[in-house]
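Thanks for coming, everyone. Please look at the screen, and I'll walk you through it.

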Amino acid sequence: MSGHVTDLLALAAAGALDPREQERVDAHLRDCPECAGRAERWSALADGLRDIPGPRPSRGLVARTRAAIERRQAERE
């Protein structure tokens, strides 16, 4: 795929390209249906990944963290 931007499509879908690279990808996608189709699939995948909820800390971790912060604040006072 010489001249294609396949190596940048995943990063473009994640919003991780600098403006110059993004413009290069956008320009290529306007003229290349093959890469445009791949870009759509990467974008759908990225959107799906954004919808996955992140891990939640356990109640114990939250309680231990709060206690540690309170101890450090008390030590500073």
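Let me start with a term. Buried means under 20% relative accessible area, exposed means over 50%, and partly exposed is in between, with a 1.4 Å probe and protein chains only. By that scale Asp 47, at 41% relative accessibility, counts as partly exposed.

Now the ground rules. This is a predicted model: local features need pLDDT of at least 70, side-chain atom pairs count only at pLDDT 80 or more, and totals for chains, interfaces and linings use all residues. Residues are numbered from 1 along each chain as its sequence is written, and side-chain values use heavy atoms, with hydrogens and water left out.

First, the helices. Helices here are DSSP runs of H or I, at least four residues, numbered from the N terminus. H1 covers residues 6-13. Which residues of H1 are buried? They are Leu 8, Leu 9, Ala 12 and Ala 13. Look down the axis of H1: these buried residues fall within an arc of 135°, so they line one face of the helix. That arc is taken from the directions from the helix axis to the C-beta atoms.

What do the buried residues of H1 pack against? Helix H2, residues 19-31, and helix H3, residues 33-50. Contact means heavy atoms within 4.5 Å. After H1 comes Gly 15, with a positive phi near 75°.

Step back to the segment before H1. Val 5 sits there. At 1% relative accessibility, Val 5 counts as buried. Leave out residues up to four places away in sequence, and Val 5 touches Arg 24, Val 25, His 28 and Cys 35. Val 5 and Pro 55 are 50 residues apart along the chain, and their C-alpha atoms are separated by 33 Å.

His 28 is worth a stop. This residue lies in helix H2. Is His 28 buried or exposed? Buried, at 18% relative accessibility. With residues up to four places away in sequence not counted, His 28 touches Gly 3, His 4, Val 5 and Cys 35.

Ala 27 is also found in helix H2. At 28% relative accessibility, Ala 27 counts as partly exposed.

On to the cysteines. A disulfide is a covalent bond between the sulfur atoms of two cysteines. As for burial, Cys 32 is buried at 8% relative accessibility. Cys 35 is buried too, with a relative accessible area of 0%.

Next, charges. A salt bridge is a side-chain nitrogen of Lys or Arg within 4 Å of a carboxyl oxygen of Asp or Glu. The whole structure has three of them.

Take Glu 23 and Arg 30. Their closest N and O atoms are 3.3 Å apart. Glu 23 is partly exposed, at 44%. Arg 30 is exposed, at 59%.

Then Arg 38 and Glu 34. Here the closest N and O atoms are 3.9 Å apart. Both residues lie in helix H3, four residues apart, about one turn of the helix. Arg 38 is partly exposed at 34%, and Glu 34 is partly exposed at 43%.

And Arg 50 with Asp 47. This salt bridge is 2.8 Å, N to O. The two are three residues apart in helix H3, so they are separated by about one helical turn.

Last item: the surface. Trp 42, Leu 45, Leu 49 and Ile 52 make a nonpolar surface patch of about 400 Å². Of these, Leu 49 lies in helix H3. Patches are made of residues with over 30% relative accessible area and no salt bridge; like charges are joined within 9 Å, and nonpolar side chains (Val, Leu, Ile, Met, Phe, Trp, Tyr) within 5 Å. Areas come from the Shrake-Rupley method with a 1.4 Å probe, and for residues only the protein chains shown count as cover.

That's the tour. Over to you.
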